[in-house]
Structure formats: C-alpha cells, structure tokens
Amino acid sequence: MLSFSTSQNTSMKLLVFLSLLFSSLFPIAFAHQISRPTYVRIGSIFSLGTINGRVSKIAMNAAVEDVNSDPTFLGGTKISLSIYDSNYSGFLGIIGGLQYMETNTVAIIGPQVSGMAHILSHLANQLHVPMLSFTALDPGLQSLQYPFFIQTAPNDLFQMIAVADMISYFGYREVVVVCPDDEQSRGSIIALGEKLAERRCRISYKALLSPESLATSEEIMDVLVQVSLMESRVIIVHAFAAVGLRVFDIAHRLGMMDKGYVWIATAWLSTVLDSTPVSAEKADSIQGVITFKPHIEDSARKREFLSRWNKLSNDSIGLNPYGLYAYDTVWTIANAIKKFMDSGGVISFSNDSSLNGLGGALNLGSLSRFDGGKELLAMILKTNTTGLTGKIAFNPDKSVVRPSFDILNVIGKGYKRIGYWTNYSGLSVVGPEILYTRAPNRSSSNQRLYDVVWPGRTTVKPRGWEFPRNGRPLRIGIPDRVSYKAFVSKNEKTNDINGFCIDVFLAAKNLLPYAVPHEFILFGDKRKNPSYTELVSMINSDVFDAAVGDIAIVTNRTKIVDFTQPYTESGLVVVAPVKKLNSSPWAFMRPFTLSMWAVTSAFFLIVGFVIWILEHRINDEFRGPPKKQFITILWFGFSTMFFAHRENTVSPLGRMVLLIWLFVVLIITSSYTASLTSILTVQQLAPSIRGIESMITSNERIGFQVGSFSENYLTEELNIAQSRLIPLGSPEEYADAFNEGRVAAIVDERPYVDLFLSKYCMYQVVGREFTKGGWGFAFPRDSPLAMDMSTAILTLSENGDLQKIHDKWLNTRACGLPNSLDSEQLQLKSFWGLFLISGIACLLALLLYFCSIFHKFKRYFPQQQITNISSSSSSNKRSSSSRSVRIQKFLSFADRKEDESINKTMSRSRQEFVASSSVTERNGAGVYPDHEEGQNGN
C-alpha cells in the first residue's frame, strides 16, 4: 500500500514536471492554444434595400461561408458576420456602429455612404476598430485624419480623374454637374472640379438635389429646367441609383436626351445595368449615356464565383463589381486576422477609461476598445494577395493599387465598352493588364477611345454647348470711338452699330450652325477713344460676354481672355513728315552705296590685272612697254563695264575669268540702270526720321493714339520716357501736331496709318513694321464660341468675303508713296555672292597658272644649272646668289612670250652649261674667277 502510494506521488511529480517543461519550451504555441477564440466578430452596415446593399449581403455571407469551411485556416476559429440594416438613415447607421463597439467587434465593413463614414471613423479612431468600405468612396476619407478607415475599392478621386480625362479627350471645356447635396457627393465633386481645372476645363453649374430620399420628382424637374437654360450641354450625373434613374427619366421627358447633349453617369449606372433588369422605358431614357465601371480582371476564380452567383442569390439580383469587392473585403479581414493570431496576437477588448461617466443614459462607458486594433490595421494594410477583383494591396496613402475603370456606352438595354481608364496610362482601348506590362504613356497622342453612340442615336460628336433657349443675349462690348469711325461707330440717326469690325463679326456669326442672340453695348465717354485694355478686362469681370472692335491681340490681354483668329494684320509703324529732295548733279551716284562703289571699282582693277597676268605670255595684245601694259590693264578692266574691250583673250583660264566677270557686270549694270531710272523718274521724298531705332536714340517727341496699346509698348518694351509721348485722338490731331512741330513722329497701328496716309500725303511710313500682330474678337477664357468664331473667320478669308468687307470700308485711295526710303540705294550685301564667285574664279585661275609656269620653268631650267652657275661666285655669297639668280631667271622666264622663252632658255642653258663646266675645271686647279668673270660667264 505504501509502495503504491509512493509510486503514485512519483508519477504526479513527473506529470507536473513535464507540464512545466512543455509550457516553458513552447510558450507561444501554448499561448496560442489558450488565446484563440471560437468566433471572431465582424460587423457590417448597409442599407439592405439598395442594389449594393443586397449584392453585398449575399457576397459577404458567401465569403464568410468559404472562410469557415476550412477549420484549419484560422486554427479552429470561425468568423461571425453581423449585418446591420441602416435603412437609408444616417442616424440608424451611427446607432449600428455604436452597437458593434459594445459587442467586441474586431472590424466593421461599411458603412455604405460617406456621410456615416466620416462620423463613425472618429469612433473607430478612438476604439481602434478598423473600418473597411468599398462603397463609401469620398476622397476625403483617405486623409490622415481617418487612419482606421480603409477603402477597398478605387475611391472617387480616381473616377473623377477618369471623367476629367474623358472630358478633355472630347475637347469639352465646361460641364454641368447634377448631384445630391450630401457628403457622398460633395467631396467627389470638389475633386472633379480640381481635376478639370488642371485640364483647363471647369464646372460651369452645380445642380444640387436634396439628399436621396428627400429629392422629389418636382424638385428634379425644376433643377433640370435650370440646366436646360445653361450654355453647356455636357451633363454629369453623380448620385444614388434611385435618384439618378429619376433624373434621366425626367430629362427624357423634357427632351434633354436628344441630339446635342452629352450625358455622363458615374459608376452607379453600370451597377444598375449589371444587377437589375432594364425595362424598355428605362432603356429609352438612358440611350447614349457614357458611364464607368470598376475594371475587374478576368480570372478562373472570378468565373467560378459567377457560376455560383445565381444559386447564392436565388436569381434575385445580378452580380456587379461591388459584390466582388464585398467578397474580397471579407477575405482581406480574414487573412489579416490569421496573420495577427499566428504572430501571437490576442483578441481582447478593454474599456476606454476616457469614456467612463460620459453620455449619461447612452452608457458610453460600455464601449470597448480593441487592444490589438493597431496591429490588425497594420496587417490589413500589408495585404498582398489575389482575390476575385485581382491584385489586393494598398499604397502608402491607403488607396488600392492599380485603380482602373471600364468606360461604357449605353446602347439598347445594355452597354458596349468603348475603352479603359487607368491611373497608369489614362484612356486606352488596350486592357489594363497589358498596359501595366508597358512603360507608362499619358501623352495626348496615346489617348484613345472607340466611337460613341451619343444621345439621339448619332455617332457625330455633339458640340457640347449652345446658346440656351430663353436665355439672355450675349452682351458684346463695343468701343465708342471718336476717330477712325470706319472701323466701328454708331449711326446717330438709326442707332445702328456698323463699321469694318462689326461687319466681319456679323458675317462670321452668320456662318455658325446655331443662333447667337446678342446686343451691342457701347463702351466709352464719347470724348476720347476708350481704353481697350479696360474694355477687355470687363469681360473677365463679367460686365461683358465678349468684346468686338479694333482690338489688338497683345500679351497682357491674352492672359485674361481668349481671342479669335486675327481677322486683319496690325503691327506698329512709324509715321514721319517728308520733304522733297533738291536735284543734284551727283544723282547718278545714288544707286550704289559708297561700299558698293568701292568694291565694284576694285574688282574692275583686279579682273583687269588677273586677265593681264593670264594673257601676258601668249597674247601680243597684252605685251609691250610697261606704260602700255599698265594702260592696257586699266582700259581692259573698266571697258568690260560696257562690254567694249577690244583685246581678245586667248588662254582658257582668261576666258573663264572674263566670262564669269561679264556675268557679274551684267547683273550690276542692270541693277544700276533700274535704280537710276527710278531715282530720276519717280518723285523722291526724304523723311526726317529713319525708323524706330533713330527714335529710340533721339530725344524727339512721339505721338500715339489715345486708347491704343502703343503707349505701353513704347514705355515698357522700348523704355522711351513718358515725357516724350504726346497723346493724340484723331487724324486731324496727327496733322496739327506735325504742322506745329509738337511731334517729330507718330507710332500707331498699320490700319489706322493707312487711313491717315490716304488723306495726308505729305507724311510717310518710315522704317520697318517693328511689331507683328492682328485684331481679334475677345471672349472669356475657354469659351467655345471663340473657337467657332475663329473657324468662321478662316472661312471668310478663304472664300474672299473678308477681303470684300475690307474693300467696302477701307479701300481708300492712297497717295502712292513708297513704303520706305531706306531701300533706295543698292547695298553691297545684295551682291557679295557675285563678287565672291568672281574672286574665287580669279584666285583659282592664278593658282593654276602659276603652277603651270613653275612646272615649265623647272622643266626648261633645271636646278643643277642654276647651282653650277652660282658656284662661280664667292663662297660667302653662294647661297643667297643661288636664290637671287633663280628668282631672276623665273621672272625673266615668266615675262617672255611663251615660244621665245622656251627657245631662248634652251639655247642659253647649253651655253651656260659649257661655261660652268670650264669654271669648275679651273676651280679644281686652284684658280678662281673674280666676280666680273663670273658675271660674264652668266
């Protein structure tokens, strides 16, 4: 008995020892075993009467079933999903969130709308409960203010970028937005406005509706009537499905789904088309609408889930992308819980001491904080797996990776895909999966979509805007000029506005394919010409809708308005008085400048000298005494001016040089004759100022037209002192200022100057036109009317109507004076190419000639003979004598006539060779001839 008792105690001690050893060796596994709960609670908040609420419920339950079907996945722990129906109420949604916080919930899927998400996110931050939503996609929820809120689908920022890219792709500049005035839409529309502004587009009008259930059909109709009065015909609908469908139904009844309109719906419409049957009446109301749909990559898992869907839903509703996101969101939480528990995390909750005693009857102290909430949040954000929607991962800013959308065009009861949008490469007809294998390319040339069937069943792209029916006419500012009224003026008898600029505008307007109701409003005080810069700025301040007149297109104005294509050229020119030149006996010198005379004379001498060198050895006419040869050079050179040279050229090189020079002389004499004829037959006037350059350097006073941009140009661009500028208001004041000597010149735009000179012939445009520009009609920035008017102006120019209008108003008889006196004399720069060719020909001929002569000299007068001859000289002068003798021999050889030179050279060479041989023998005997003897021997 004792033995049995002892052995039993020993066994108990051994069991205790082994238990302690096991717990010390495997503490983590032991802790895991004792800390894993049977169930982990996940909550969700949806309005189950909505399409996304119904689809999400089915998908989330399917995901929970799939997770729990594998007991080993969470180590025996199962997920318990609770779905709370907020029934379209934000208040009930908040209550549902509070209830989950009391029941030890580790994560919440939802809420469905952004308004509730903003409120519940503060609660999640306090209690460390991650919230994941694939339908509350307000871009503001991505901010650092809500660290525990995660969007598991592409948020609306990316969808709005896609909308803005498409608006820019089609060339539209203004859009109207129809949306409820709630948190779900507000942040998205703000993002859309910012992205449109980056593309030089804008939201021209926001048609706000009451939030969802509060929006009545009467309210929607009133809003759409207002929209129909807007200029823009590009309308974006961002709303819940119930409201959005009513918007299209009422728009269809109002005739707003016809040709000319562009309707764009965000992803809510594709959700409706995917999940609910479409009646014929509903289909008629949405024909031609463009909508978006989150892009889901095709995969075997996706196809397998689609095959299960009808059974899961009992054919009650169709699957849409948000159902797939719902399924993947459950799995994202499940994978994070698995990693959390596998790493030793414990699912535990504790009371938040800061909430104790708060809330009174609300009993906020019962809310529990998830102790492992931060760790679970980190696990979720580190997710990197593949689900039904494709790759599941998050960027550092908590947004999903690779956001992309399908772009759909509603046709019949369904839709066709016209392209894709990705944040990687923008618009494309190539799938995102292929695009991500290539380098990113967002260039405009790479953006492409397939053809669209627009509202009204047309494939012709709508203009996107038109003048609204029953809208106010276009307010057009007109300068009330007191001078140069041929451009724009008011008929005091009929009160009509007419003139060159007005006729151009009306002609262009009549070419537009739509009516442009307008009214002309005069701008000015009737005492002086108005400031055109001020007139243009009043468009920017919304006083005028456009400005028509003689408005110059200059840089500072283009910064605030858009101009049409210029309808006439207009640059600044200088006008100065001119005086008649006195006749001069030296008038014949005027056709050429001094440098031209000098170079031409030099070339006559050069060519004569070159021809003499080339002909001297072979042509008797170029030989003789030095005086005769000098006279021949002068005579021959200058006689070529009249082609009167009597000497014949024999050598090929001489003929080549002469032929080229005679061509040059022909051009020069023809130009001289034409210029001299002009000088002697046309009345010549000489201005006192030569152009803008001479004005800048002088201190003379300068006149300018009141209201013109020329004043600013002279002071700001040319730095001319303001004190030198004299304002003038009319052609009469121009003439009086000149006559009284108050100004030395006037700077004005070319069209005004042409009219001035047609009446006052004693003045002249001098110098060049030193600015280039034109006149155009001004419209607000990004106005589509400016583009259409530009096209119309080009049409007027091409068909000749613009010239006819010009001739009607401005074809006045001018004085017939030349434009400028600066171009009277012929400049050397106009002929330097001819002189260059002639000079090169002379140099080349001389080079070939001397090479030939030197070759003949070496042939008939070898070096050895010269050396032998020079060796008879004294040893001190031997080297220098050799070079001198050779040069003398060469010059003598070159001066002789060719036949005589050859014969004499050969004969004398033989005699000199004999003499040099005898001298060499005597030197060998020690006898050296004196200097005289050496010379005689030579």
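In what order do the 5 strands of the open sheet lie? In this predicted model, the order is β2-β1-β3-β4-β5, and the pairing is parallel. The edge strands, which pair on one side only, are β2, covering residues 78-85, and β5, covering residues 149-151. From one strand to the next, the twist averages 25 degrees. Strands of a sheet pair through backbone hydrogen bonds, either parallel or antiparallel.

Within this sheet, strand β1, made of residues 39-46, runs parallel to β2 and is joined to that strand by 8 bridges.

Helix α5, residues 114-127, lies across β1, β4 (131-133) and β5, and runs at about 155 degrees to β4.

A further contact is made between two helices. Helix α9, residues 241-253, and helix α10, residues 268-275, pack at an angle of about 95 degrees, with their axes 10 Å apart. Because angles from 65 to 115 degrees count as roughly perpendicular, α9 is described as roughly perpendicular to α10. In this contact, Ala241, Gly244, Leu245 and Phe248 of α9 meet Trp268, Leu269 and Val272 of α10. The residues of the contact divide into 6 nonpolar and 1 polar, with no charged residue.

Technical notes: Residues are numbered from 1 along each chain as its sequence is written. This is a predicted model: local features need pLDDT of at least 70, side-chain atom pairs count only at pLDDT 80 or more; totals for chains, interfaces and linings use all residues. Side-chain values use heavy atoms; hydrogens and water are left out. Two strands pair if DSSP finds at least two bridges between them. Helices (H or I, at least four residues) and strands (E, at least two) are DSSP runs, numbered from the N terminus. Axes are lines fitted to C-alpha atoms, for helices over the stretch in contact, and angles run from 0 to 180 degrees between N-to-C directions. Contact means heavy atoms within 4.5 Å. Angles under 35 degrees count as roughly parallel, over 145 as roughly antiparallel, 65 to 115 as roughly perpendicular and the rest as oblique. Ala, Val, Leu, Ile, Met, Phe, Trp, Tyr, Cys and Pro count as nonpolar, Asp, Glu, Lys and Arg as charged, and the others, Gly among them, as polar.
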